[in-house]
Structure formats: C-alpha cells, structure tokens
Amino acid sequence: QVQLVESGGGVVQAGGSLRLSCAGSGAGSGRTFSSSVMGWFRQAPGKEREFVAAITWSGSRTYYADSVKGRFTIARDNAKNTVYLQMNSLKPEDTAVYYCAARMPWGAVGFNSNDYANWGQGTQVTVSS
C-alpha cells in the first residue's frame with residue numbers, strides 16, 4: 001500500500017498563505033499514485049472530517065468545497081508522486097488538521113471520506129485572527 005505523508009502545515013495569520021504537500025511512497029507507489037484520484041480533507045476539533053478538494057489522476061479536473069473555492073488550489077506532480085494544496089487568504093475557520101487521501105486506482109472522484117482507501121497522518125494548520 002502506498003504511504004502518504006503530509007507536510008507544510010503551521011501557524012499563520014489570517015490573510016496569509018500556506019502550501020501543503022502530500023508525498024506518496026512505497027512499493028509500486030509510482031504506478032498507483034499516478035492512477036489515483038487524490039483528495040484533501042480537514043477536521044476541526046469537535047467536527048466531522050470534511051471534503052476540501054480533489055484532483056483527477058491526470059490533473060485535468062479539480063473540485064473544491066464551496067468554503068475554499070477561489071482561495072485554495074489543488075495540484076499534482078505525478079513524476080514526484082506528490083499532490084499539493086495551495087491555501088491563500090486563510091481564515092481562522094480554516095484551522096484544522098488537514099489530511100490527504102487516495103482513492104483506489106482508476107476510481108472516480110469522491111467527495112466523502114468513505115470514498116478514500118488510503119490516508120496520510122495529517123498536518124495541523126492554525127490560522128490566528
């Protein structure tokens with residue numbers, strides 16, 4: 001199974017930016033990663049995990065939650081087995097643990113956490129007001 005490791009979280013003031021990265025590694029990771037829809041989710045304290053963004057295996061299509069549309073951008077580099085989440089104009093309500101996740105290879109885009117089979121350990125993003 002491909003291992004996913006997030007990085008790039010931290011503390012930032014409202015209005016600032018962060019870029020999260022999620023790198024896939026392990027046996028067969030290159031072929032698996034490049035054929036999988038990748039998603040970003042987040043979970044704030046006391047709340048359920050929610051969809052943030054997703055990108056198709058080729059990178060040709062992206063999808064966003066309404067709460068982040070126009071502020072966040074998801075991208076991927078299959079040569080590096082890495083997916084990114086560029087977060088701009090951050091707000092205090094964006095504070096959460098952010099997780100990247102992979103669907104099974106060749107699966108369709110999903111917007112629920114149950115659609116994703118493989119998860120990273122998460123990275124904390126804190127936006128101060």
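This is a guided tour of a predicted model, going from the whole chain to single residues.

**The whole chain**

Followed from the N terminus, the order of elements is β-β-β-α-β-β-β-β-β-β-β-β. The radius of gyration is 14 Å, close to the 14 Å that the globule rule gives for 129 residues, so the chain is as compact as a globular protein of that length. Along the principal axes, the C-alpha atoms occupy a box of roughly 45 × 25 × 25 Å.

The accessible surface of the chain is about 6,400 Å², and carbon and sulfur atoms hold 48% of that. Buried residues make up 43% of the 129 in the chain. Among contacts in the chain with a separation of 6 or more, 59% are between residues 24 or more positions apart.

Colour by charge next. The chain has 12 positive and 8 negative charges, and their mean positions lie 6 Å apart.

**The nonpolar core**

Hide the surface and select W40, L85, M87 and Y98. These are the residues with the most contacts inside the largest nonpolar core, which has 33 residues. Which strands each supply at least two residues of this core? Select β3 (18-25), β4 (38-43), β5 (50-55), β7 (72-77), β8 (82-87), β9 (96-102) and β11 (123-128) to see them. In soluble globular proteins, nonpolar side chains tend to be buried together.

Keep Y98 selected and show its surroundings. Neighbours within four places in sequence aside, Y98 is in contact with E6, L20, W40, F41, R42, V52, F72, L85, M87, G122, T123 and V125. Three of the core residues picked out above, W40, L85 and M87, are among these contacts of Y98.

Move to Q86, which sits in strand β8. Is Q86 buried, partly exposed or exposed? Q86 counts as partly exposed, at 27% relative accessibility. Beyond residues up to four places away in sequence, Q86 touches S17, L18, R19, R71, F72 and T73. For a distance check, draw a line from the C-alpha of Q86 to that of A117: the two are 31 residues apart along the chain and separated by 23 Å.

Go on to S89, in the loop between β8 and β9. S89 is not a glycine, yet its phi is positive, near 50°. The relative accessible area of S89 is 41%, and the residue is partly exposed.

**From S89 to strand β2**

The C-alpha atoms of Q13 and S89 are 9.5 Å apart, although 76 residues separate them along the chain. Q13 belongs to strand β2. With a relative accessible area of 61%, Q13 is exposed. Its contacts, apart from neighbours within four places in sequence, are V127 and S128.

Step back to G8, in the loop between β1 (3-7) and β2 (10-13). G8 is partly exposed, at 37% relative accessibility. Which residues does G8 contact, leaving aside its neighbours within four places in sequence? Show L18, R19, L20 and T123.

Select N81, in the loop between β7 and β8. Is N81 buried or exposed? N81 is buried, with a relative accessible area of 11%; the cut-off for buried is under 20%.

Finish at W106, in the loop between β9 and β10 (118-119). W106 is exposed, with a relative accessible area of 61%. W106 also has a positive phi, about 70°, although it is not a glycine.

Methods. Residues numbered from 1 in each chain as written. Predicted model: local features only at pLDDT ≥ 70, side-chain atom pairs only at ≥ 80, totals over all residues. Heavy atoms only, no water. Helix = DSSP H or I, 4+ residues; strand = E, 2+ residues; numbered from the N terminus. Rg over C-alpha atoms; globule rule 2.2 N^0.38 Å. Buried < 20%, exposed > 50% of the residue type's maximum accessible area, 1.4 Å probe, protein only. Contact = heavy atoms within 4.5 Å. Areas by Shrake-Rupley, 256 points an atom, 1.4 Å probe, with all protein chains shown as cover. Lys, Arg positive; Asp, Glu negative; His and termini not counted. Charge placed at Lys NZ, Arg CZ, Asp CG, Glu CD. Core = buried A, V, L, I, M, F, W, Y, C linked by side-chain atoms within 4.5 Å.
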